[in-house]
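Please keep the structure open as you go through the points.

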Amino acid sequence: LESGRFSNMSVEEIITRVQQNDPKLRELEWGGKWPNEENLVAFAEALKANTVLSKISFHEVLVSDVSARAIAAALKVNTGVKEIHLTTDPRGQTPNNINSAGIVAIADALKSNTTLKWLSIASNASDPDVYAALDALLSVNSSINKLGVSNAKLQVKLQIALLRRNDPSLVELKINEDKDGLFRDEAFCESFATSLQGNTALQRLNLKSLTICGKGLTLLAEALKTNKGLIELNLSGCGVDKDVAVTLADALKV
């Protein structure tokens, strides 16, 4: 059990402090052996009404379906937690092994959460159900701006979500790899371009060497006509033709 200066406390004592909304307990890191599922469920129940704890990290904690659903229920109503890390320990050793159903439950619960900024769930289950649940989460959640996952496609989807909501944290966007072929899809390019139209936060966009469908480049050029924030654009190696280049130059007032 590790939690900074709370490392000498018992699990039961920490749960009590969470229940009591202890003002000193703002960050909590737990690693190693968790006593039992009952303790983890009790912690999740205490977390529901806690408004002080803002960062939680679980390392090497085997989280069952029951525990994951308890955490999900807590995050659905909690208004204090801004970061939760459910990954391997800092040394990259034993993962938490949360399965697909557990991650899906957490993603579904966070749809109505407006406090959490950072969700880190790498090294847990990753399958089509998890991808679909996280993709759905990003389409409706308005607060998450950091997502710790190993899926590159989801990372791009997060950037699109940040663009769409005009998130001030997204000043620079660099996407130079697209193994899933998102930018070869016309519907995706249309969504990307639409997100750019009213965005005022993004200043630098780098899509160097991406394979972008022909209409995608045209949509991007048209979108930039109404974008008021972008000052730097890198499309080298993207196959921009003369007509699109003229439109882009006009949009950026080069």
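Accessible areas here come from the Shrake-Rupley method with a 1.4 Å probe, and for residues only the protein chains shown count as cover. By that method the chain has an accessible surface of about 12300 Å², with 48% of it belonging to carbon and sulfur atoms. This is a predicted model, in which local features need pLDDT of at least 70 and side-chain atom pairs count only at pLDDT 80 or more, while totals for chains, interfaces and linings use all residues. Residues are numbered from 1 along each chain as its sequence is written, and side-chain values use heavy atoms, leaving out hydrogens and water.

**Overall make-up**
- The chain contains nine helices and eight strands, taken as DSSP runs (helices H or I, at least four residues; strands E, at least two) and numbered from the N terminus.
- Buried residues (under 20% relative accessible area) make up 47% of the 254 in the chain.

**The open sheet**
- Three strands, in the order β6-β7-β8, form an open sheet with parallel pairing; strands pair if DSSP finds at least two bridges between them.
- Because β6 (172-174) and β8 (232-234) are edge strands with a single partner strand each, one side of each has no neighbour in the sheet.
- β6 is joined to β7 (residues 204-206) by three bridges, and Glu-172 lies opposite Arg-204 in β7.

**The nonpolar core**
- A nonpolar core is a set of buried Ala, Val, Leu, Ile, Met, Phe, Trp, Tyr and Cys residues joined through side-chain atoms within 4.5 Å.
- The largest has 79 residues, of which Phe-43, Phe-183, Phe-192 and Leu-207 touch the most other members.
- Beyond its neighbours within four places in sequence, Phe-192 is in contact (heavy atoms within 4.5 Å) with residues including Leu-173, Phe-183, Leu-205 and Leu-207.

How values were computed: Buried means under 20% relative accessible area, exposed over 50%, partly exposed in between (1.4 Å probe, protein chains only).
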